[in-house]
Amino acid sequence: LRPLVSVFFKELPTTLQKKDWDRYARVVGTLHIDNFGSAGASLLLAWMGIHAVSSDFRLRSCSKDRLPHIRRLTADIWRDGVAWQRTRVMAYVEYDLGCG
């Protein structure tokens, strides 16, 4: 997992220039992955300087009014006689836009 997350991290855009976003799009397409799971996301966030969250944040993020019902996050998809389970990944984010 670490090598995949490392490749992704190295290609995160650092500017708004088209070339940086094109490079990022190429690596996302090359990895063929839509998320790294909780372990990979934690690793990526730590490399970005975002570490463990407070217990207050954890409680807020898990409250029922912030998360959709679990049944809305999954669906069975049948293709060629094979059942696939599609799972949507949800995230909860808070921003502090204060200037002080």
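A: Contact means heavy atoms within 4.5 Å. Please bear in mind throughout that this is a predicted model. With that term in hand, consider helix α2: α1 (2-10) is included in what covers the buried residues of α2.

Q: How many residues does helix α2 have, and how far does the helix reach?
A: The expected span of a helix is 1.5 Å times one less than its number of residues. Helix α2 covers residues 18-31, which gives 14 residues, and from first C-alpha to last it reaches 20 Å, close to the expected 20 Å.

Q: Which residues of α2 are buried?
A: A residue is called buried under 20% relative accessible area, exposed over 50%, and partly exposed in between. In α2 the buried residues are Asp20, Val27 and Leu31. Seen down the helix axis, these buried residues of α2 fall within an arc of 35 degrees, so they line one face of the helix.

Q: Which residues are exposed on the other side of α2?
A: On that other side, Lys18, Lys19 and Arg26 are exposed. For Lys18 the relative accessible area is 61%, and for Lys19 it is 53%.

Q: What follows α2?
A: The residue after the helix is His32, and its phi is positive, near 55 degrees. Between the C-alpha atoms of Lys19 and His32, which are 13 residues apart along the chain, the separation is 20 Å.

Q: How should I read charged side chains?
A: Side chains of opposite charge can pair when their charged atoms come close. To count as a salt bridge here, a side-chain nitrogen of Lys or Arg must be within 4 Å of a carboxyl oxygen of Asp or Glu. By this rule there are five salt bridges.

Q: Where do Glu11 and Arg23 lie?
A: The side chains of Glu11 and Arg23 form a salt bridge at 2.4 Å, N to O. Glu11 belongs to the loop between α1 and α2, while Arg23 is in helix α2, so the pair ties together parts that are twelve residues apart in sequence. Glu11 is partly exposed, at 22% relative accessibility, and Arg23 is also partly exposed, at 28%.

Q: What separates Asp22 and Lys18 within helix α2?
A: These two residues are four apart in helix α2, which means that about one helical turn separates them. Asp22 is partly exposed, with a relative accessible area of 31%.

Q: Is Asp20 buried or exposed?
A: Asp20 counts as buried because its relative accessibility is 5%. The side chain of Asp20 meets that of Lys19 in a salt bridge at 3.6 Å, N to O. Salt bridges with shared partners join Glu11, Lys19, Asp20 and Arg23 into one network.

Q: Which residues make the nonpolar surface patch?
A: A patch gathers nonpolar side chains that are within 5 Å and belong to residues with over 30% relative accessible area. Here Leu45, Met48 and Ile50 make a nonpolar surface patch of about 260 Å². Met48 is placed in the loop between α3 (37-47) and α4 (55-61). With 44% relative accessibility, Met48 counts as partly exposed.

Notes:
Residues numbered from 1 in each chain as written. Predicted model: local features only at pLDDT ≥ 70, side-chain atom pairs only at ≥ 80, totals over all residues. Heavy atoms only, no water. Buried < 20%, exposed > 50% of the residue type's maximum accessible area, 1.4 Å probe, protein only. Arc of directions from axis to C-beta. Patch = residues over 30% accessible without salt bridge, like charges linked within 9 Å, V, L, I, M, F, W, Y side chains within 5 Å. Areas by Shrake-Rupley, 256 points an atom, 1.4 Å probe, with all protein chains shown as cover.
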